[in-house]
Number of protein chains: 4
Amino acid sequence: MIFSSDNWAGAHPVIAESLVKAASGYASAYGTSDLDKKVEKTLSEIFERDVAVFFVATGTAANSLALSSANRPGGHVFCHREAHVNVDECGAPEFFSHGSRMTPVDGSLGKIDPVKLEAEIRRFPPGFVHGGQPMAITMTQATEAGTVYSLDEIDVIAHIARKFKLPLHMDGARFANALVTLDVTPAEMTWKRGIDLLSFGGTKNGCWCAEALILFDTAKASQMHYLRKRSGQLFSKSRFIAAQFDAYLAGGLWLDLARHANGMANRLAEGIEASNGARLAWPSGSNELFVILKKDTAKKLEEGGAVFYDWPVPYTLAGSIAADEGLYRLVTSFATSREDVEQFIAAC
Amino acid sequence: MIFSSDNWAGAHPVIAESLVKAASGYASAYGTSDLDKKVEKTLSEIFERDVAVFFVATGTAANSLALSSANRPGGHVFCHREAHVNVDECGAPEFFSHGSRMTPVDGSLGKIDPVKLEAEIRRFPPGFVHGGQPMAITMTQATEAGTVYSLDEIDVIAHIARKFKLPLHMDGARFANALVTLDVTPAEMTWKRGIDLLSFGGTKNGCWCAEALILFDTAKASQMHYLRKRSGQLFSKSRFIAAQFDAYLAGGLWLDLARHANGMANRLAEGIEASNGARLAWPSGSNELFVILKKDTAKKLEEGGAVFYDWPVPYTLAGSIAADEGLYRLVTSFATSREDVEQFIAAC
Amino acid sequence: MIFSSDNWAGAHPVIAESLVKAASGYASAYGTSDLDKKVEKTLSEIFERDVAVFFVATGTAANSLALSSANRPGGHVFCHREAHVNVDECGAPEFFSHGSRMTPVDGSLGKIDPVKLEAEIRRFPPGFVHGGQPMAITMTQATEAGTVYSLDEIDVIAHIARKFKLPLHMDGARFANALVTLDVTPAEMTWKRGIDLLSFGGTKNGCWCAEALILFDTAKASQMHYLRKRSGQLFSKSRFIAAQFDAYLAGGLWLDLARHANGMANRLAEGIEASNGARLAWPSGSNELFVILKKDTAKKLEEGGAVFYDWPVPYTLAGSIAADEGLYRLVTSFATSREDVEQFIAAC
Amino acid sequence: MIFSSDNWAGAHPVIAESLVKAASGYASAYGTSDLDKKVEKTLSEIFERDVAVFFVATGTAANSLALSSANRPGGHVFCHREAHVNVDECGAPEFFSHGSRMTPVDGSLGKIDPVKLEAEIRRFPPGFVHGGQPMAITMTQATEAGTVYSLDEIDVIAHIARKFKLPLHMDGARFANALVTLDVTPAEMTWKRGIDLLSFGGTKNGCWCAEALILFDTAKASQMHYLRKRSGQLFSKSRFIAAQFDAYLAGGLWLDLARHANGMANRLAEGIEASNGARLAWPSGSNELFVILKKDTAKKLEEGGAVFYDWPVPYTLAGSIAADEGLYRLVTSFATSREDVEQFIAAC
């Protein structure tokens with residue numbers, strides 16, 4: 001009953017086999033092989049336009065490179081207060097962009113409040129050098145709270161980005177999970193809304209290590225090649241990433257894996273809502289659930305073999321959690337089995 | 001007849017299979033899994049002391065993180081003029097260390113000339129702020145010229161490092177190739193000589209993507225954890241690197257692969273020396289050969305299917321290459337077949 | 001009636017004359033002249049211990065260099081939410097320390113709340129790389145709210161710094177103003193409390209351009225020399241700073257100037273409290289007052305020739321300011337005349 | 001007999017007096033005062049076009065900010081091997097531009113050899129990420145060797161800059177000295193030739209501290225405001241720089257001071273050439289002379305009160321200096337007296 005994180009799973013067998021198949025033979029290095037090009041072409045088809053694709057080692061690298069491409073001295077990147085770039089990347093975005101600042105914006109359910117976003121941006125009017133200047137906006141889809149921005153909600157953020165002429169980045173570490181929830185196309189959830197750069201994550205959804213930074217404006221690609229290389233993120237045997245994505249994207253495997261993970265989370269949510277001892281802290285839309293349990297119950301579940309994380313209680317929940325209760329995060333993945341889910345529900 | 005680079009090969013079947021085996025099941029993330037720990041233990045055994053091991057995405061990242069751990073304002077890193085950090089990393093070492101400088105030192109056969117090294121270091125006496133200050137020395141083993149420092153030669157460089165209290169880094173992108181040439185232990189070629197930090201490369205010798213930064217002083221590890229994470233180099237599913245190293249190191253596979261690559265290079269060298277149309281530019285000791293061919297011959301070889309790179313003629317060769325000749329680099333790997341080698345020799 | 005900022009004044013005549021006197025003759029450059037050394041000695045006497053003194057161009061530079069000397073990857077600098085480093089330096093501290101983060105701590109009256117400070121530091125436990133790590137604490141004396149930390153209050157912050165082994169920096173842009181308010185010695189307000197680094201400002205108190213970074217641990221000076229030079233902050237004709245400080249410190253001029261500025265602020269405060277149309281937002285202790293005025297009154301004052309700034313209303317004042325009122329900042333300086341003060345009071 | 005450096009002098013009396021005059025009264029801060037604007041206007045007149053002017057603390061800051069405005073990842077700044085940015089700024093240019101590289105180009109007499117410059121640039125073809133990419137060219141006028149580029153020579157460098165679409169920076173620490181030697185207008189020596197950014201130095205020519213970065217393309221100014229503030233280079237009482245420049249530029253004082261310094265150097269040169277014991281290493285065109293003396297003679301001169309620096313012998317002089325001779329640098333300034341010059345000549 002491993003619900004700690006989707007990155008505790010290994011790799012899907014089809015993806016692992018793709019690596020074995022690609023292991024023999026020679027191919028040119030540094031992202032120039034046929035397989036690299038094939039994946040770039042597949043992604044262009046999936047996104048319904050030419051895209052520039054940059055494989056990198058981690059989501060942190062994808063996010064940080066994306067934001068650094070928008071770099072300005074004294075720059076502010078506006079993000080949700082709980083965004084991965086703000087709380088979980090050890091200053092990588094600041095490092096990659098030489099000291100820019102992650103400026104947090106509040107909002108319920110893990111989503112940036114657009115009114116607060118605009119107010120924050122207006123704190124830094126053009127030419128007033130003391131406070132620095134706006135530089136980019138980044139949003140996370142699915143969010144760190146397990147929720148999913150609707151297309152309309154993305155539109156609102158994108159409108160603000162255009163108004164202030166700021167590039168808009170989407171951290172898609174769980175892109176597939178959000179996509180199958182909304183049941184829209186990748187294009188509809190990204191550039192058709194106004195997303196300029198996308199961290200397209202495969203690792204949490206069944207790959208070993210497959211992260212891509214996708215630029216919808218291919219004219220921006222020439223400098224990104226240098227930014228990536230300079231950060232030690234250009235793989236020599238780049239096709240080992242390509243081989244994973246090749247299998248991941250073929251025949252819609254990536255969507256199937258996300259549907260499975262989301263389905264397991266939905267089943268967990270149903271079971272928890274139906275139980276006496278647990279309830280959801282808020283409704284989710286992806287493969288992450290945030291659950292309120294009695295601390296005793298949590299302890300018993302852990303003793304019974306369940307693995308999951310305590311989670312800091314956000315101020316928005318203050319008052320709705322009893323002293324003997326805690327907040328816990330449950331994450332499902334492509335590898336989550338129905339048996340584990342049912343066992344967990346039974347134990348609640 | 002692919003002799004372009006050892007990073008054009010894929011992965012050894014045993015290593016690819018190890019990835020498949022590790023793909024199922026769960027493991028804790030970010031380098032904390034049992035498999036990660038097992039590899040760290042194996043490396044401590046191989047190096048005959050406790051070492052701190054940091055998996056990273058690329059050799060560039062390993063080198064740059066190593067040097068950044070020695071960071072000083074206005075710092076000079078002394079390296080061979082042809083070192084990878086100096087000519088092939090797009091400023092990554094400077095970026096990771098916020099603007100330090102790679103200060104090149106000359107030396108024949110790809111090796112730092114110790115007299116020139118000391119003279120360069122002395123250009124920056126303590127307290128004279130205008131010129132900056134020494135910060136680290138890095139040497140490459142095997143070198144970019146395909147040669148190998150002897151233990152005595154490493155001793156001389158290490159002596160200078162100690163004299164000026166500078167940390168000494170070894171770029172071991174082709175560590176195994178050098179090791180089997182010298183026929184010494186990993187400890188003898190590194191910390192017993194005075195090496196403080198080692199970029200331990202597996203990618204060029206049969207892995208997909210397996211690079212480790214090894215610190216011989218484990219007290220320095222605590223800050224390296226932050227440096228690595230901050231640069232987007234901390235893999236979530238870190239065990240996919242561990243699985244590769246696990247197979248790579250087991251039963252001495254890594255040494256066997258290096259012996260094969262070196263053996264193929266040696267056979268190539270013999271064949272070339274015995275031929276009329278080609279000669280070695282200088283003796284090699286690893287899996288890289290630098291060969292002088294008539295340009296016509298090179299062209300015919302390429303038309304016959306051989307793949308290899310033109311190489312810039314170093315000033316040390318000026319005068320010994322005719323106008324109708326060129327310098328070419330041939331690299332063998334674990335995957336190089338005897339047939340390809342013999343075919344190339346026959347074609348010379 | 002210029003109350004906009006203490007940096008709108010020019011230089012005190014004695015200080016300007018000191019520059020004229022130093023203008024002739026030769027002196028060695030880059031901080032090595034006799035006059036430079038004399039000032040360093042004077043400061044050591046004033047602080048009752050050997051100190052290392054670094055002249056720099058601006059308070060921003062002094063603060064940023066101080067914090068960068070404590071640099072750690074993923075580092076957090078804990079500061080008051082309204083601190084100059086956090087809101088008025090365009091990312092300079094982040095730039096100088098290559099991407100560290102200013103982590104704001106709340107507290108009333110411009111002072112760091114020690115309980116909240118400790119809670120913030122504990123959010124980043126050792127070894128948990130994702131969130132980064134504590135790196136330094138900085139406090140401002142006098143604060144941006146015009147208030148002054150008592151010696152006991154400094155002790156509490158210093159105790160926390162020692163507990164977490166963090167260097168403690170004091171931004172003393174208005175150091176003299178705080179000192180004369182507390183009526184203690186410079187040593188008592190700094191290193192005897194546990195301050196490690198001090199930005200010692202002279203510009204706002206009667207100099208043209210005289211800022212010094214003071215290190216109480218002189219062993220840390222050797223690297224600061226390089227940090228300063230690397231940031232373009234090492235003056236060639238450094239004695240032009242020394243000449244200002246020489247006059248500034250001689251015979252306690254600096255304290256007299258601060259007493260004058262504070263006295264003018266006190267008189268303003270009295271007058272405002274006694275008036276019908278204005279009141280203090282909170283009690284001050286230095287040369288900055290924050291005043292609540294009817295917007296109409298403010299407008300009339302401005303039309304009458306008074307110059308001062310609107311100030312953003314902090315959340316702590318919400319509810320205590322009427323809709324037709326505003327918050328305004330008044331700053332006095334060495335140059336403020338009693339006439340201007342009385343005229344302003346009369347106009348209230 | 002102080003010939004050590006032009007930064008050993010103090011300030012010209014007229015400039016010191018200007019500071020005294022500006023000391024009283026109030027003026028808005030951070031470069032917005034009337035006096036700041038007046039100097040910007042004067043410089044626009046002197047350069048015969050609208051220019052954007054940024055006062056900074058040091059020439060190092062001006063150079064580093066100029067180059068950082070052209071920043072590119074993995075960027076190479078091409079400069080003369082002996083350029084101040086390359087040998088005397090403790091890595092400031094690399095720091096300001098987050099790890100760019102100063103790539104030295106050889107050339108006799110302190111001037112970049114255009115053929116070598118083009119060859120160096122071509123080493124980094126577009127898209128080949130491993131080596132990095134060209135980013136800017138910087139030239140020094142007058143050069144570090146005391147020589148002066150002719151207008152034609154500047155044209156050739158500018159032509160290469162345009163060909164490779166690289167911004168061209170001029171380090172004018174001794175701009176005035178070069179200008180009066182060529183006897184041309186400031187416009188003719190800069191933007192009419194193709195210079196994009198200029199470090200306009202006043203400190204070495206009679207000011208206390210007066211350095212300006214001048215942008216000929218004023219559209220680039222908006223980001224420079226943030227770059228300057230972020231580096232701690234925005235003075236609050238900025239008018240103290242303006243007051244110096246105001247006096248410096250008025251009535252051509254700056255040109256008179258440079259003519260005096262150059263005249264003293266010329267007289268020194270004549271005297272040295274006519275002497276038996278000394279000769280010029282190469283002809284100069286500014287206020288710096290490089291002189292070959294018997295080491296005994298040098299010692300005697302020093303014992304007689306002359307102050308000057310030993311200088312490293314460049315490889316271009318190898319063979320033309322005897323074992324008992326040394327190379328020495330003599331620098332004159334606005335403050336150099338004819339008596340000192342004649343006394344030195346007599347002592348030769």
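Helices (H or I, at least four residues) and strands (E, at least two) are taken here as DSSP runs, numbered from the N terminus. By that numbering, C:Ala142 falls in the loop between strand 4 and helix 7 (151-163) of chain C. The structure is a predicted model, in which local features need pLDDT of at least 70 and side-chain atom pairs count only at pLDDT 80 or more, while totals for chains, interfaces and linings use all residues. Residues are numbered from 1 along each chain as its sequence is written, chains are lettered from A and ligands numbered from 1 in the order in which they are written, and side-chain values use heavy atoms, with hydrogens and water left out.

**Interface of chain B and chain A**

- Contact, meaning heavy atoms within 4.5 Å, links 51 residues of chain B with 51 residues of chain A.
- The buried area, which is the accessible area (1.4 Å probe) that two parts lose on being put together, summed over both, is about 4300 Å² between chain B and chain A, and carbon and sulfur atoms give 64% of it.
- Of the area that chain B buries against chain A, 21% is supplied by B:Tyr26, B:Trp208 and B:Lys237, more than by any other three residues.
- Across the interface of chain B and chain A, 26 residue pairs are in polar contact (both at pLDDT 80 or more).
- On the side of chain B that touches chain A, at least two residues each come from helix 1 (13-22), helix 3 (59-68), helix 5, helix 10 (221-230) and helix 11 (239-249) of chain B, and helix 1 of chain B gives the largest share, five residues.
- If Ala, Val, Leu, Ile, Met, Phe, Trp, Tyr, Cys and Pro count as nonpolar, Asp, Glu, Lys and Arg as charged, and the others, Gly among them, as polar, the residues of this side of chain B divide into 28 nonpolar, 15 polar and eight charged.

**Interface of chain B and chain D**

- Chain B and chain D each bring 18 residues to their contact, and the area buried between them is about 1300 Å², with 41% from carbon and sulfur atoms.
- B:Cys90, B:Arg101 and B:His130 supply 40% of the area that chain B buries against chain D, more than any other three residues.
- Two salt bridges are counted between chain B and chain D; in one of them B:Arg101 pairs with D:Glu94, the closest N and O atoms being 2.6 Å apart.
- Eight residue pairs of chain B and chain D are in polar contact (both at pLDDT 80 or more).
- Helix 4 (84-87), helix 5 (92-96) and strand 3 (101-105) of chain B each give at least two residues to the side of chain B that touches chain D, and helix 4 of chain B gives the most, with three residues.
- That side of chain B holds six nonpolar, eight polar and four charged residues.

**Sheets in chain C and chain D**

- In chain C, seven strands form an open sheet in the order 1-7-6-5-4-2-3 with mixed pairing, where two strands pair if DSSP finds at least two bridges between them.
- Strand 1 (52-56) and strand 3 (101-105) of chain C stand at the edges with a single partner strand each, so one side of each has no neighbour in the sheet.
- Strand 4 (residues 133-140) and strand 5 (residues 168-172) of chain C pair in the parallel sense over four bridges, and C:Thr140 stands opposite C:Asp171 in strand 5 of chain C.
- An open sheet of four strands in chain D has the order 8-9-11-10 and antiparallel pairing, with strand 8 (278-280) and strand 10 (309-310) of chain D as its edge strands.
- Two bridges join strand 10 of chain D to strand 11 (residues 325-331) of chain D, and D:Tyr309 has D:Arg329 as its bridge partner in strand 11 of chain D.

**Backbone geometry**

- Most residues other than glycine have a negative phi, and most peptide bonds are trans.
- A cis peptide bond joins C:Gln141 and C:Ala142, with omega about -10°, and a cis peptide bond also joins D:Gln141 and D:Ala142, with omega about -10°.
- A:Glu48, in the loop between helix 2 (34-46) and strand 1 (52-56) of chain A, has a positive phi near 60°.

Note on methods. Salt bridge = Lys/Arg side-chain N within 4 Å of Asp/Glu carboxyl O. Polar contact = N/O pair within 3.5 Å; in protein donor to acceptor, adjacent residues only side chain to side chain.
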